[in-house]
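Biologist: Could you pick one part of this model and walk me through it slowly? I'd like to follow it strand by strand on my screen.

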Amino acid sequence: MIGPDIAGIAEKLGTAADTATAIPQLAAETGLDVDAAYAVQTALVQRRLDRGERLVGLKMGLTSKAKMAQVGVDEVIWGRLTDVMRVPDGGTVDVADFIHPRVEPEVAFLLDRLPEPGEPVAAFTDAVRAVAPAIELIDSRYANFTFSLPDVVADNTSAAAFVVGPWSPVPDGLDNLGVLLEVDGRVAQVGSTAAILGDPRRALDEGLRLAGRHGVRLRAGWVFLAGAATAAVPLRPGAHVRAVVEKLGTASLKAA
Ligand code: 0L1
Ligand code: MG
């Protein structure tokens, strides 16, 4: 039996991102399952690497109940981050570069000495050099921000851009820090790092396990986005967005 056209699906998703044009979902029509969807994601990210982008990290998606409920998918997923997706802290993104961008407050880890493939993290402070507040900008390439699990995996888990705030040494506890997402000085979302798999440190074990299943090894020096602590909010032109994480500080971006 002939399987789904991995390269063709990656090309459609890549073009949708490059032209900021939504496309219909693809998985049901092409018979894409989750494993094949990760193969599409690999081809989609390779397309970026072929034009000179560099892999700089990994992101976890749908690590909170709020996020799962928001999009109707209930499995933790992962995607890849490239250097071109990184926006400096306090920097500006142009909303016109995206289809229907949303922002969400996250916790980022700066990776250090990681365990061998298949092994869990023994000491979090060996594996993670520093932590930071972060904002992820997600932009599903599918019309109406609606997708199935294989669709969103193929679409590199809606990864589009991210901001990392100042790095700090790993604090004693990361499992119940207050999180705010502010838009134009008003609180848009309130949460806790507990929403990220009960403790964002768990996201690293999940990332190592799930990415390892597809032969992807995390690297020292990479950024790891552990997941959002709240639902995502639409990003409008002119907005000033701040993610505030207790003990860690603030990451911010502006939208043009
Ligand atoms: O980072 C995320 O949690 C997003 C994962 C993909 C689902 C979405 O686009 O909301
Ligand atoms: Mg996210």
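**A close look at one strand**

Modeller: Let's start with E12, which runs antiparallel to strand E13 (residues 249–255), the two being joined by six bridges. Strands here are DSSP runs of E with at least two residues, and helices are runs of H or I with at least four, both numbered from the N terminus. Two strands count as paired if DSSP finds at least two bridges between them.

Before you click around: this is a predicted model, where local features need pLDDT of at least 70, side-chain atom pairs count only at pLDDT 80 or more, and totals for chains, interfaces and linings use all residues. Residues are numbered from 1 along each chain as its sequence is written, while chains are lettered from A and ligands numbered from 1 in the order in which they are written.

Now find Arg242, which sits opposite Ser252 of E13. Between E12 and E13 there are three residues, making a hairpin. Lys247 is in that turn, with a positive phi of about 75°.

E12 (residues 240–245) also pairs with strand E8 (residues 178–183), again in the antiparallel sense, over five bridges. There, Val244 of E12 has Leu180 standing opposite. As you step along, remember that side chains in a regular strand alternate between the two faces of the sheet.

For context, UniProt (an unreviewed entry) puts the feature "domain: Fumarylacetoacetase-like C-terminal" at residues 90–251. Its positions are in the numbering used here, feature names are shortened, and annotations may be inferred rather than shown by experiment. That span is 36% strand and 14% helix, and its end C-alpha atoms lie 7 Å apart.
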